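Reader: Please present the model, and let us then examine it through questions and answers.

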Amino acid sequence: MHRALTWLLLGAAMVVGYTYYQNHSSQLKAQAIARLQEAASRSEARDRERDKDKDQAPTNTVVGPGVSPLADLMAKADGSQTTSDEPMRPWKAHPNDHISPSPVGTGGAIVHKTFTVTSAAQFLFEIPPHAASPQLRGTYHSFPKNSAVQSNVQSADETGDIDLLLMNDQQYTDFLSGRPADVVYSVDSSHDQDVSLGLPATQDLPVRYYLVFRNNPNNPGKKVVQADFRIDF
(Lines give C-alpha, C1' and ligand atoms only; values in the text may rest on other atoms or scores of the structure.)
Protein backbone atom coordinates (compact mmCIF):
# COMPACT_ATOMS: atom_id res chain seq x y z
CA MET A 1 0.00 0.00 0.00
CA HIS A 2 2.86 2.30 0.73
CA ARG A 3 4.29 1.65 -2.70
CA ALA A 4 0.96 2.32 -4.37
CA LEU A 5 0.68 5.65 -2.57
CA THR A 6 4.12 6.62 -3.79
CA TRP A 7 3.25 5.92 -7.42
CA LEU A 8 0.01 7.87 -7.04
CA LEU A 9 1.81 10.94 -5.71
CA LEU A 10 4.44 10.69 -8.48
CA GLY A 11 1.73 10.55 -11.13
CA ALA A 12 -0.04 13.52 -9.68
CA ALA A 13 3.22 15.52 -9.71
CA MET A 14 3.80 14.67 -13.36
CA VAL A 15 0.29 15.77 -14.28
CA VAL A 16 0.76 19.07 -12.43
CA GLY A 17 4.21 19.65 -14.07
CA TYR A 18 2.92 18.89 -17.56
CA THR A 19 -0.04 21.21 -17.09
CA TYR A 20 2.27 24.06 -15.91
CA TYR A 21 4.61 23.47 -18.85
CA GLN A 22 1.77 23.63 -21.34
CA ASN A 23 0.39 26.84 -19.86
CA HIS A 24 3.82 28.53 -19.60
CA SER A 25 4.82 27.43 -23.13
CA SER A 26 1.64 28.96 -24.56
CA GLN A 27 2.40 32.27 -22.85
CA LEU A 28 5.99 32.31 -24.19
CA LYS A 29 4.74 31.53 -27.69
CA ALA A 30 2.16 34.33 -27.52
CA GLN A 31 4.80 36.79 -26.33
CA ALA A 32 7.17 35.78 -29.15
CA ILE A 33 4.43 36.20 -31.77
CA ALA A 34 3.54 39.63 -30.36
CA ARG A 35 7.18 40.77 -30.54
CA LEU A 36 7.47 39.56 -34.17
CA GLN A 37 4.29 41.38 -35.16
CA GLU A 38 5.51 44.58 -33.47
CA ALA A 39 8.90 44.39 -35.26
CA ALA A 40 7.17 43.82 -38.61
CA SER A 41 4.91 46.85 -38.03
CA ARG A 42 7.91 49.07 -37.25
CA SER A 43 9.76 47.87 -40.38
CA GLU A 44 6.74 48.61 -42.56
CA ALA A 45 6.43 52.08 -41.02
CA ARG A 46 10.09 52.84 -41.75
CA ASP A 47 9.68 51.67 -45.36
CA ARG A 48 6.65 53.91 -45.85
CA GLU A 49 8.50 56.90 -44.40
CA ARG A 50 11.51 56.26 -46.66
CA ASP A 51 9.29 56.01 -49.75
CA LYS A 52 7.57 59.25 -48.76
CA ASP A 53 10.94 61.05 -48.48
CA LYS A 54 11.96 59.78 -51.92
CA ASP A 55 8.74 61.08 -53.47
CA GLN A 56 9.28 64.53 -51.93
CA ALA A 57 12.99 64.77 -52.79
CA PRO A 58 14.01 67.15 -55.70
CA THR A 59 14.76 65.47 -59.02
CA ASN A 60 17.98 67.45 -59.76
CA THR A 61 21.11 65.36 -59.42
CA VAL A 62 24.07 66.98 -57.67
CA VAL A 63 27.26 65.45 -59.02
CA GLY A 64 29.83 67.57 -57.25
CA PRO A 65 30.96 71.13 -56.64
CA GLY A 66 30.83 73.11 -59.88
CA VAL A 67 29.74 70.07 -61.96
CA SER A 68 26.34 70.13 -63.67
CA PRO A 69 24.42 66.97 -64.61
CA LEU A 70 25.08 67.82 -68.28
CA ALA A 71 28.85 68.02 -67.64
CA ASP A 72 28.66 64.70 -65.80
CA LEU A 73 26.80 63.12 -68.73
CA MET A 74 29.40 64.44 -71.19
CA ALA A 75 32.21 63.16 -68.97
CA LYS A 76 30.62 59.69 -68.96
CA ALA A 77 30.27 59.83 -72.74
CA ASP A 78 33.99 60.31 -73.31
CA GLY A 79 34.94 57.86 -70.57
CA SER A 80 36.11 60.37 -67.98
CA GLN A 81 33.81 60.23 -64.91
CA THR A 82 33.88 63.35 -62.74
CA THR A 83 33.43 62.73 -59.03
CA SER A 84 33.22 65.07 -56.07
CA ASP A 85 36.25 63.36 -54.50
CA GLU A 86 38.55 64.81 -57.18
CA PRO A 87 39.30 68.58 -57.07
CA MET A 88 38.34 70.58 -60.13
CA ARG A 89 41.42 71.69 -62.10
CA PRO A 90 41.37 75.19 -63.61
CA TRP A 91 40.97 75.22 -67.39
CA LYS A 92 43.69 76.98 -69.33
CA ALA A 93 42.66 78.64 -72.55
CA HIS A 94 44.76 78.46 -75.68
CA PRO A 95 45.24 81.81 -77.44
CA ASN A 96 43.30 80.49 -80.44
CA ASP A 97 40.36 79.71 -78.17
CA HIS A 98 39.66 83.37 -77.40
CA ILE A 99 36.49 84.71 -78.96
CA SER A 100 36.68 88.24 -80.32
CA PRO A 101 34.84 90.27 -82.96
CA SER A 102 36.02 89.48 -86.47
CA PRO A 103 37.55 92.45 -88.35
CA VAL A 104 36.45 90.99 -91.71
CA GLY A 105 34.93 93.65 -93.92
CA THR A 106 36.63 96.53 -92.13
CA GLY A 107 39.74 98.56 -92.88
CA GLY A 108 41.12 102.04 -92.97
CA ALA A 109 43.39 104.53 -94.67
CA ILE A 110 47.14 104.40 -94.00
CA VAL A 111 48.15 107.54 -95.87
CA HIS A 112 46.21 109.84 -98.17
CA LYS A 113 48.17 113.02 -98.75
CA THR A 114 51.08 114.77 -100.47
CA PHE A 115 54.35 115.06 -98.52
CA THR A 116 58.05 115.76 -98.97
CA VAL A 117 60.78 113.11 -98.60
CA THR A 118 64.34 114.15 -97.82
CA SER A 119 65.71 110.88 -96.47
CA ALA A 120 62.69 108.74 -95.61
CA ALA A 121 59.08 109.06 -94.49
CA GLN A 122 57.29 106.28 -92.65
CA PHE A 123 53.67 105.50 -91.81
CA LEU A 124 52.70 103.02 -89.11
CA PHE A 125 49.59 100.86 -89.40
CA GLU A 126 48.29 97.90 -87.42
CA ILE A 127 46.39 94.76 -88.36
CA PRO A 128 43.99 93.67 -85.59
CA PRO A 129 43.77 90.11 -84.18
CA HIS A 130 41.94 87.40 -86.13
CA ALA A 131 42.23 89.13 -89.50
CA ALA A 132 41.99 86.23 -91.96
CA SER A 133 43.14 87.93 -95.17
CA PRO A 134 44.60 91.45 -94.81
CA GLN A 135 45.07 93.28 -98.10
CA LEU A 136 47.35 96.28 -98.67
CA ARG A 137 46.31 98.40 -101.65
CA GLY A 138 47.51 101.75 -102.90
CA THR A 139 49.36 103.89 -105.36
CA TYR A 140 52.01 106.63 -105.25
CA HIS A 141 53.56 109.14 -107.60
CA SER A 142 56.77 111.06 -106.93
CA PHE A 143 58.75 113.82 -108.61
CA PRO A 144 61.62 116.19 -107.70
CA LYS A 145 60.70 119.09 -105.46
CA ASN A 146 60.51 122.48 -107.23
CA SER A 147 60.12 120.65 -110.53
CA ALA A 148 57.99 122.17 -113.25
CA VAL A 149 55.93 118.98 -113.27
CA GLN A 150 54.89 119.05 -109.61
CA SER A 151 51.33 119.78 -110.59
CA ASN A 152 51.31 116.80 -112.96
CA VAL A 153 50.45 113.59 -111.12
CA GLN A 154 52.02 111.32 -113.73
CA SER A 155 55.66 112.50 -113.77
CA ALA A 156 57.89 110.51 -116.10
CA ASP A 157 61.13 111.98 -114.75
CA GLU A 158 63.36 109.29 -113.21
CA THR A 159 64.93 111.92 -110.99
CA GLY A 160 61.79 111.65 -108.94
CA ASP A 161 62.29 107.93 -108.20
CA ILE A 162 61.96 106.69 -104.60
CA ASP A 163 61.95 103.27 -102.93
CA LEU A 164 58.91 101.82 -101.18
CA LEU A 165 59.54 99.41 -98.26
CA LEU A 166 57.08 97.45 -96.11
CA MET A 167 58.55 96.23 -92.78
CA ASN A 168 57.43 94.59 -89.58
CA ASP A 169 58.49 95.73 -86.11
CA GLN A 170 61.85 93.92 -86.00
CA GLN A 171 62.78 94.84 -89.56
CA TYR A 172 62.01 98.50 -88.90
CA THR A 173 64.17 98.46 -85.75
CA ASP A 174 67.08 97.06 -87.79
CA PHE A 175 66.44 99.67 -90.48
CA LEU A 176 66.65 102.52 -87.97
CA SER A 177 69.87 101.06 -86.53
CA GLY A 178 71.50 101.00 -89.95
CA ARG A 179 71.74 97.22 -89.96
CA PRO A 180 70.89 95.31 -93.14
CA ALA A 181 67.30 94.17 -92.83
CA ASP A 182 64.95 91.95 -94.71
CA VAL A 183 61.63 93.48 -95.69
CA VAL A 184 58.15 92.12 -96.22
CA TYR A 185 57.81 93.89 -99.58
CA SER A 186 59.76 96.46 -101.60
CA VAL A 187 59.58 98.55 -104.76
CA ASP A 188 62.93 99.87 -105.93
CA SER A 189 63.45 103.10 -107.86
CA SER A 190 60.01 104.01 -109.06
CA HIS A 191 58.07 107.25 -109.39
CA ASP A 192 54.72 105.74 -110.42
CA GLN A 193 53.60 102.54 -108.75
CA ASP A 194 50.41 100.58 -107.92
CA VAL A 195 50.52 98.10 -105.07
CA SER A 196 48.18 95.22 -104.21
CA LEU A 197 49.58 92.85 -101.60
CA GLY A 198 48.11 90.15 -99.37
CA LEU A 199 49.56 89.96 -95.84
CA PRO A 200 49.65 87.01 -93.41
CA ALA A 201 46.62 86.35 -91.23
CA THR A 202 46.88 87.43 -87.60
CA GLN A 203 46.22 85.23 -84.55
CA ASP A 204 45.32 86.48 -81.08
CA LEU A 205 47.55 89.60 -81.15
CA PRO A 206 47.70 92.62 -83.45
CA VAL A 207 50.65 92.99 -85.85
CA ARG A 208 52.27 96.32 -86.69
CA TYR A 209 53.79 97.28 -90.06
CA TYR A 210 55.65 100.31 -91.36
CA LEU A 211 55.17 101.70 -94.86
CA VAL A 212 58.42 103.53 -95.64
CA PHE A 213 59.07 105.87 -98.57
CA ARG A 214 62.86 106.16 -98.93
CA ASN A 215 64.73 108.63 -101.13
CA ASN A 216 66.82 107.07 -103.87
CA PRO A 217 70.54 107.55 -103.05
CA ASN A 218 71.30 107.96 -106.75
CA ASN A 219 69.00 111.01 -106.85
CA PRO A 220 69.40 112.54 -103.35
CA GLY A 221 67.36 115.70 -103.91
CA LYS A 222 64.08 116.21 -102.09
CA LYS A 223 61.07 114.46 -103.56
CA VAL A 224 57.39 115.26 -103.47
CA VAL A 225 55.20 112.19 -103.05
CA GLN A 226 51.48 111.85 -103.61
CA ALA A 227 50.40 108.62 -101.84
CA ASP A 228 47.06 106.91 -101.29
CA PHE A 229 47.24 103.62 -99.37
CA ARG A 230 44.71 101.67 -97.28
CA ILE A 231 44.51 98.32 -95.52
CA ASP A 232 41.44 96.06 -95.73
CA PHE A 233 40.73 93.04 -93.53
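Reader: Which residue in strand 8 stands opposite Gln135?

Author: The model is predicted: local features need pLDDT of at least 70, side-chain atom pairs count only at pLDDT 80 or more, and totals for chains, interfaces and linings use all residues. Residues are numbered from 1 along each chain as its sequence is written, and side-chain values use heavy atoms, leaving out hydrogens and water. Strand 3 and strand 8 pair in the antiparallel sense over 10 bridges, where pairing requires that DSSP find at least two bridges between two strands. The residue opposite Gln135 in strand 8 is Asp232.

Reader: What is the bridge partner of Gly107 in strand 8?

Author: Strand 1, residues 107-117, pairs with strand 8 in the antiparallel sense over 10 bridges. In strand 8, Gly107 has as its bridge partner Asp232.

Reader: In what order do the elements of the protein run from the N terminus on?

Author: Helices (DSSP runs of H or I, at least four residues) and strands (runs of E, at least two) are numbered from the N terminus. The protein has 3 helices and 8 strands. From the N terminus on, the order is α-α-β-β-β-β-α-β-β-β-β.

Reader: Which backbone oxygen does the side chain of Ser142 reach?

Author: Ser142 lies in strand 3, residues 135-144. Ser142 has 1% relative accessibility and therefore counts as buried; buried means under 20% relative accessible area, exposed over 50%, and partly exposed in between, with a 1.4 Å probe and protein chains only. At 2.5 Å, its side chain reaches the backbone oxygen of Gly160.

Reader: Why does the pair of Phe123 and Phe213 tie together parts that are apart in sequence, and how many residues apart are they?

Author: Rings of Phe, Tyr and Trp (its six-membered ring) pair if their centres lie within 6.5 Å; planes under 30 degrees apart count as stacked, over 60 as edge-to-face and the rest as tilted. By this rule there are 8 aromatic pairs, and the pair of Phe123 and Phe213 is edge-to-face, at 6.0 Å centre to centre and 80° between the planes. Because Phe123 lies in strand 2 (residues 120-127) and Phe213 in strand 7 (residues 207-215), the pair ties together parts whose separation in sequence is 90 residues.

Reader: Which residues form one aromatic cluster with Phe213?

Author: Phe213 and Phe229 also form an edge-to-face pair, with 6.0 Å centre to centre and 65° between the planes. Phe213 lies in strand 7 and Phe229 in strand 8 (residues 223-232), so this pair links parts 16 residues apart in sequence. Phe213 is buried at a relative accessible area of 0%, and Phe229 is buried at 0% as well. The residues in one aromatic cluster with Phe213 are Phe115, Phe123, Tyr140 and Phe229.

Reader: Which residues are exposed on the other side of helix 3 from its buried residues?

Author: The buried residues of helix 3 (residues 169-176) are Gln171, Tyr172 and Asp174. They cover an arc of only 160° around the axis and therefore lie on the same side of helix 3; the arc is that of the directions from the helix axis to the C-beta atoms. On the other side, the exposed residues are Gln170 and Leu176.

How values were computed: A polar contact is a pair of N or O atoms within 3.5 Å; within protein, one must be able to donate a hydrogen and the other to accept it, and residues adjacent in sequence count only if both atoms are side-chain atoms.
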